[in-house]
Structure formats: C-alpha cells, structure tokens
Amino acid sequence: MPRGSWRGGVGAALLCPMLFGCAQPGTQTACTSPLKPAVEVNLYFGRDKPAGGEVSEAEWASFLSEVVTPRFPAGLTVIDARGQHRDPAGVIGAERTKLVVVVVFDPPAHRSKVASIVETYTKRFGQHEVFRVEQPVCAG
C-alpha cells in the first residue's frame, strides 16, 4: 500500500447532494441575510510518509503556522481524522489525517493560496497529493 496517498472525504462528497441538496459546482448559492455566499474548502492531509513514519504533531504545527495560517489568517478549523482508501492495486489502507476547513468569501482568489499550501505539503512531507473538496455554502 503506498503511504501518504489517502483519498478520504469521497464518501462525504458523494453523500452531500443526497443529504443536504448541495448546489452544483459553479452555481450561485442563494443565501438568507445575514448569511452571504461563500465557498467551503476542505483539505485532507494524510500523515503517513511514503518513506515510512508519520508527520508528527510538531511538524504539523510548524506547517500550519508557517504555511496555512498566513494564507487564511481570518480563521480555519483543524480536525483530527482517520482516513481510509483503496490503492490502485485494490489494497485498503488507513492513516491518521488532518482535515483543514476554510470558508472563503473571495472565490476564486483562494485557489492560488490553496495550491501553494498543497504544493508545500506534498514537497515537504513527500506526499502524492492532498485531497480537496470545495462546495458552495451560506456563511456569516
């Protein structure tokens, strides 16, 4: 099983339209005041390193403060999670994961910030990818 290749969140993304009637990507969300249209960005950071070991809490804290927080200083949420995935060979694996949730009111300006975060994480910790989900929401 390749390490650091978790693709978590797919189930949540598939259930979203069935449970909540989520808007399709690219559609405008109609919001009731005082809420405003926004985009919720969910980033799933698998912690297994391909060469072995795991991204430590200290390494994560450093990454969060140096890379993520400066790009989204208005606020974000970090959730500890456990992800599961099936690799191309059909082997099911699991790993500890950090889920970062950010709500942005300036789409598409957030895209370059997210791309920079993902690029830094994959290079710093030898990851194949960071799984990403975006959905329109009403927030305020």
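1. Lys-98 belongs to strand S3, which spans residues 92–104; helices (H or I, at least four residues) and strands (E, at least two) are DSSP runs, numbered from the N terminus. The model is predicted, and local features need pLDDT of at least 70, side-chain atom pairs count only at pLDDT 80 or more, and totals for chains, interfaces and linings use all residues. Residues are numbered from 1 along each chain as its sequence is written, and side-chain values use heavy atoms, with hydrogens and water left out.

2. With a relative accessible area of 4%, Lys-98 is buried. Here buried means under 20% relative accessible area, exposed over 50%, and partly exposed in between, for a 1.4 Å probe and protein chains only. The side chain of Lys-98 makes a polar contact of 2.4 Å with that of Asp-80. A polar contact is a pair of N or O atoms within 3.5 Å; within protein, one must be able to donate a hydrogen and the other to accept it, and residues adjacent in sequence count only if both atoms are side-chain atoms. Leaving aside residues up to four places away in sequence, Lys-98 touches Leu-43, Tyr-44, Phe-45, Arg-47, Glu-57, Trp-60, Val-78, Ile-79 and Asp-80, where contact means heavy atoms within 4.5 Å.

3. Lys-98 is also part of a network of salt bridges that links Arg-47, Glu-54, Glu-57, Asp-80, Arg-96 and Lys-98. A salt bridge is a side-chain nitrogen of Lys or Arg within 4 Å of a carboxyl oxygen of Asp or Glu. Because Glu-54 lies in the loop between S1 and H2 and Arg-96 in strand S3, the pair ties together parts that are 42 residues apart in sequence. Glu-54 is partly exposed at 29% relative accessibility, and Arg-96 is partly exposed at 36%.

4. The whole structure holds 10 salt bridges by this search. One of them joins Glu-59 and Lys-49, with the closest N and O atoms 3.0 Å apart. Glu-59 sits in helix H2 and Lys-49 in the loop between S1 and H2, so this pair ties together parts that are 10 residues apart in sequence. Glu-59 counts as partly exposed, at 27% relative accessibility.

5. Helix H3 has 16 residues, and the distance from its first C-alpha to its last is 23 Å, close to the 22 Å expected at 1.5 Å a residue; the expected span of a helix is 1.5 Å times one less than its number of residues. Its buried residues are His-110, Val-114, Ile-117, Val-118, Tyr-121, Thr-122 and Phe-125. They cover an arc of only 120° around the axis and therefore lie on the same side of H3, the arc being that of the directions from the helix axis to the C-beta atoms. These buried residues pack against S1, H2, S3 and S4, while Ser-112 and Lys-123 are exposed on the other side of H3. Just after H3, Gly-126 has a positive phi of about 65°.

6. Val-130 is located in the loop between helix H3 (110–125) and S4. Val-130 is buried, at a relative accessible area of 9%. Its contacts, not counting residues up to four places away in sequence, are Leu-43, Tyr-44, Phe-45, Val-118, Tyr-121 and Thr-122. The C-alpha atoms of Val-130 and Gly-46 are 7.2 Å apart, although 84 residues separate the two along the chain.

7. Arg-71 lies in helix H2 (residues 57–71) and is partly exposed, with a relative accessible area of 26%. Its side chain makes a polar contact of 3.0 Å with the side chain of Ser-116. Not counting residues up to four places away in sequence, Arg-71 touches Glu-66, Lys-113, Ser-116 and Ile-117. The C-alpha atoms of Arg-71 and Lys-113 are separated by 6.0 Å, across 42 residues of chain. Lys-113 in turn meets Asp-106 in a salt bridge between side chains (4.0 Å, N to O). Lys-113 is partly exposed at 28%, as is Asp-106 at 34%.

8. A search of the whole structure finds one disulfide, that is, a pair of cysteine sulfur atoms within 2.5 Å. The disulfide joins Cys-31 to Cys-138, with an S to S distance of 2.2 Å. Cys-31 lies in the loop between helix H1 (10–20) and strand S1 (36–46) and Cys-138 in strand S4 (residues 131–139), so the pair ties together parts that are 107 residues apart in sequence. The torsion about the S-S bond of Cys-31 and Cys-138 is about -90°, so the disulfide is left-handed. Cys-31 is partly exposed at 24% relative accessibility, and Cys-138 is partly exposed at 30%.
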